[in-house]
Amino acid sequence: MSTNQHIQHLPLTPLLHPWIKELIGHPELLLSVIEEHGSPINVHSLAPFGENIQAYQEVFQKFGLKYKIFFARKANKCIVFPLAASKQ
């Protein structure tokens with residue numbers, strides 16, 4: 001018997017940013033984008049990205065720490081993220 005049979009899986013509720021709640025509230029928009037570009041589609045928003053950078057900066061500044069925030073471009077090929085990070 002595998003040890004995996006004894007693992008209980010608990011459901012996780014995702015944390016959804018307001019922009020994604022707004023997006024999934026308009027399925028007709030998503031369907032039109034899929035019809036135009038095909039599936040799968042990748043949908044990105046800079047809002048949570050900027051909020052996360054700001055949250056890191058606030059913690060570092062609160063404790064008087066020198067810091068430099070890096071972004072892994074290879075992990076996410078969307079060009080707008082490194083451009084936005086360079087302006088922070």
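Begin by selecting Asn-52, which is partly exposed because its relative accessible area is 48% (buried means under 20%, exposed over 50%, and partly exposed in between, with a 1.4 Å probe and protein chains only). The model is predicted: local features need pLDDT of at least 70, side-chain atom pairs count only at pLDDT 80 or more, and totals for chains, interfaces and linings use all residues. Residues are numbered from 1 along each chain as its sequence is written, and side-chain values use heavy atoms, with hydrogens and water left out.

Asn-52 belongs to helix α3. Helices are DSSP runs of H or I with at least four residues, strands are runs of E with at least two, and both are numbered from the N terminus.

Now move to the loop between α2 (27-37) and α3 (46-62), where Pro-40 is found. Select Ser-39 together with Pro-40 to display a cis peptide bond, with omega at about 5 degrees.

The loop between α2 and α3 also holds Ser-45. Is Ser-45 buried or exposed? Ser-45 counts as buried, since its relative accessibility is 18%. Show its side chain, which reaches the backbone nitrogen of Ala-47 at 3.2 Å; a polar contact is a pair of N or O atoms within 3.5 Å, where within protein one must be able to donate a hydrogen and the other to accept it, and residues adjacent in sequence count only if both atoms are side-chain atoms. Then select Trp-19 and Phe-81, which Ser-45 touches when residues up to four places away in sequence are not counted (contact means heavy atoms within 4.5 Å).

Finally, return to the whole chain. The protein has four helices and zero strands, in the order α-α-α-α. Its radius of gyration is 19 Å, well over the 12 Å that the globule rule gives for 88 residues, so the protein is more spread out than a compact globule. That radius is taken over C-alpha atoms, and the rule is 2.2 Å times the number of residues to the power 0.38. Along the principal axes, the C-alpha trace spans about 50 × 45 × 25 Å. Of the 88 residues, 10% are buried. Among contacts with a separation of 6 or more, 50% are between residues 24 or more positions apart.
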